[in-house]
Amino acid sequence: MTLVSQTRSMPANASLEDIDYEELPASTTLGMHLIAGAAAGIMEHSVMYPIDIVKTRMQVVGSSVAYNGVVQALRSISTTEGMRTLYRGVMSVVLGAGPAHAVYFATYEHTKKILAGGQANALAAGAAGGVATVVSDALMNPFDVVKQRMQLANSVHRSIWSCARTVFHKEGIRAFYVSYPTTLMMNMPFQSIQFGCYDAFRRMLNPQNSYSPITHVAAGGMAGAVAALLTTPIDCCKTLLQTRGASLDAEVRAAGSMRDAVRIIYRRQGLKGFWRGAKPRVIANMPATAISWTTYEYFKWAIARRESSKI
């Protein structure tokens, strides 16, 4: 039952807590979806940013810096480079994640409604997540390139603007999108797995479909962990392509496709090379997706309450 039909037949003394917020009212504007998505995206990427730096550095091929684990890496970076280094490049994520996730969640909701026809369907949720990824990644990819260039151990960039200018002048506009096909190859299955798992876990943990922050945290965390682990090999290839311009290795600098990245990683590091950074990737994505979903579900619940109170 949709929120619209439910609220129309809702008794005057019914509690707003009983509202099925999952289907937002027809009167819900695109702007509301955009605001909810933007808030979720910024929270997701900024809170776990230090772990993301560790993941990026572990995945860089030919790096002179080696870490024995996530905790050791965080300690080493903070003591030798300063605590601020753990957040170097975070503004690129904040600026990009806002609009990218706003479009992402708005596209997801619209596509899921079309595919599912108003019925609960994990498959439709997964497919909608894939469609939303194509659109949002086109916005986010340049910001992600800047972010990873600034995360490197030998990065000379101190602001996102100087980094973006340097990359553009030295490598051209293509540098911001050379990893886009690989990013899609990673994020489409990642988001489809995440959305599908989240929808399934949420309905399993909360069959009554009520607003439950604990459920959203648990379902979001588990979905993020599964998706992050399964897509780590593609993430390693993406990192190689996005950081190639800062590499001193001629072969890495010449890499221009997913195929090149796979060949370089396999020849130099074997199959283990495709799983480098898996632990920090999972550690970062579990709370990040939990935060993202909890934030987004809260905004949906708040919007549903506000809209239903007008009826």
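The model is predicted, with local features requiring pLDDT of at least 70, side-chain atom pairs counted only at pLDDT 80 or more, and totals for chains, interfaces and linings drawn from all residues. Residues are numbered from 1 along each chain as its sequence is written, and side-chain values use heavy atoms, with hydrogens and water left out.

The chain contains 13 helices and zero strands, where helices (H or I, at least four residues) and strands (E, at least two) are DSSP runs numbered from the N terminus. Its pattern along the sequence is accordingly written α-α-α-α-α-α-α-α-α-α-α-α-α. Of the 311 residues, 54% are buried; buried denotes under 20% relative accessible area, exposed over 50%, and partly exposed the range in between, with a 1.4 Å probe and protein chains only. Contacts are defined by heavy atoms within 4.5 Å. Among those between residues at least 6 apart in sequence, 75% join residues at least 24 apart.

The chain exposes about 14000 Å², of which carbon and sulfur atoms supply 64%. M91, L95 and W161 make a nonpolar surface patch of about 330 Å². Patches consist of residues with over 30% relative accessible area and no salt bridge, with like charges joined within 9 Å and nonpolar side chains (Val, Leu, Ile, Met, Phe, Trp, Tyr) within 5 Å. A salt bridge is a side-chain nitrogen of Lys or Arg within 4 Å of a carboxyl oxygen of Asp or Glu.

Excluding residues up to four places away in sequence, L34 touches A102, V103 and A106. The C-alpha atoms of L34 and V103 are separated by 6.2 Å, although the two residues are 69 residues apart along the chain.

Rings of Phe, Tyr and Trp (its six-membered ring) were paired if their centres lie within 6.5 Å, with planes under 30 degrees apart classed as stacked, over 60 as edge-to-face and the rest as tilted. Because Y108 lies in helix α5 and W293 in helix α13 (residues 278-309), the pair ties together parts that are 185 residues apart in sequence. Both Y108 and W293 are buried. W293 also pairs with Y198: the ring centres are 3.9 Å apart and the planes at 10°, so the pair is stacked. This pair links helix α8 (residues 180-205), which holds Y198, to helix α13, across 95 residues. Y198 is buried, as is W293. One aromatic cluster is formed by Y104, Y108, F195, Y198 and W293.

D260 lies in helix α12 (residues 258-269) and is buried, with a relative accessible area of 18%. A polar atom of the D260 side chain lies 3.0 Å from the backbone nitrogen of G256. Not counting residues up to four places away in sequence, D260 touches A254 and A255.

Definitions and conventions:
Accessible areas come from the Shrake-Rupley method with a 1.4 Å probe; for residues, only the protein chains shown count as cover. A polar contact is a pair of N or O atoms within 3.5 Å; within protein, one must be able to donate a hydrogen and the other to accept it, and residues adjacent in sequence count only if both atoms are side-chain atoms.
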